[in-house]
Amino acid sequence: TAALSSMNTDALSSLTVAQLGGLSATQVGALTSTQLKALTTTQAAGLSAAQTAGLGSDLVKGLEAADLGKLSVAAVASLTTLAVQALSSDQLGGLSSTQMGALTAAQVGALTTAQVAGLRSAVPPAVALARKSAPIT
């Protein structure tokens, strides 16, 4: 894990999808936001739900909306509720409607009032329906 977290972005972006697929959730979670930003769209989309479940709230805060948009639908759906709560409205706005629709009821329920207000009409119907069953507290 230490060797991976100290890897420069050029070396990391040269890894194949198969090589990245061999990383554990702990290893992926140990990457810095700078390292995650350096992943290509293909590399980021290749990260599994099990791998991205290890992404913590501090790590996701450092990502741009476009970086989150690179993740697969399953990867977004695997984020912890704390990680989802850490996302800004801009970051959430960078998710595709498919990614937004894949958010679980628990994730949607974890959204803050400010996050929901920032999304406005960008929220797809599937999320809006889930939102009704998991009101913001």
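**Exercise 1. State how many helices and strands the protein chain has, and what share of its residues is buried.**

Solution. The protein chain contains 16 helices and 0 strands. The model is a predicted one. Next, take burial: of the 137 residues of the protein chain, 35% count as buried. For the surface, the chain exposes about 6400 Å², and carbon and sulfur atoms supply 59% of that area. Last, consider contacts with a separation of 6 or more: residues 24 or more positions apart account for 76% of them.

**Exercise 2. Decide whether T26 is buried, partly exposed or exposed.**

Solution. First locate the residue: T26 sits in helix α4 (residues 25-29). Then apply the cut-off, which is over 50% relative accessible area for an exposed residue. T26 counts as exposed because its relative accessibility is 58%. As a further step, compare positions: T26 and Q51 are 25 residues apart along the chain, and their C-alpha atoms are separated by 7.7 Å.

**Exercise 3. Count the salt bridges and describe the residues in each pair.**

Solution. Side chains of opposite charge can pair when their charged atoms come close. The cut-off is a nitrogen of Lys or Arg within 4 Å of a carboxyl oxygen of Asp or Glu. By this rule there are 3 salt bridges.

- Step 1. E64 and K37 form a salt bridge with an N to O distance of 3.5 Å. E64 is in the loop between α8 and α9 (65-69) and K37 is in helix α5 (residues 33-38), so the pair ties together parts that are 27 residues apart in sequence. E64 is partly exposed at 47% relative accessible area, and K37 is partly exposed at 31%.
- Step 2. D58 and K61 form a salt bridge at 3.9 Å, N to O. These two residues are 3 residues apart in helix α8, so about one helical turn separates D58 and K61. Both D58 and K61 are exposed.
- Step 3. D67 pairs with K70, with the closest N and O atoms 3.9 Å apart. D67 and K70 are both buried.

Terms used:
Residues numbered from 1 in each chain as written. Predicted model: local features only at pLDDT ≥ 70, side-chain atom pairs only at ≥ 80, totals over all residues. Heavy atoms only, no water. Helix = DSSP H or I, 4+ residues; strand = E, 2+ residues; numbered from the N terminus. Buried < 20%, exposed > 50% of the residue type's maximum accessible area, 1.4 Å probe, protein only. Contact = heavy atoms within 4.5 Å. Areas by Shrake-Rupley, 256 points an atom, 1.4 Å probe, with all protein chains shown as cover. Salt bridge = Lys/Arg side-chain N within 4 Å of Asp/Glu carboxyl O.
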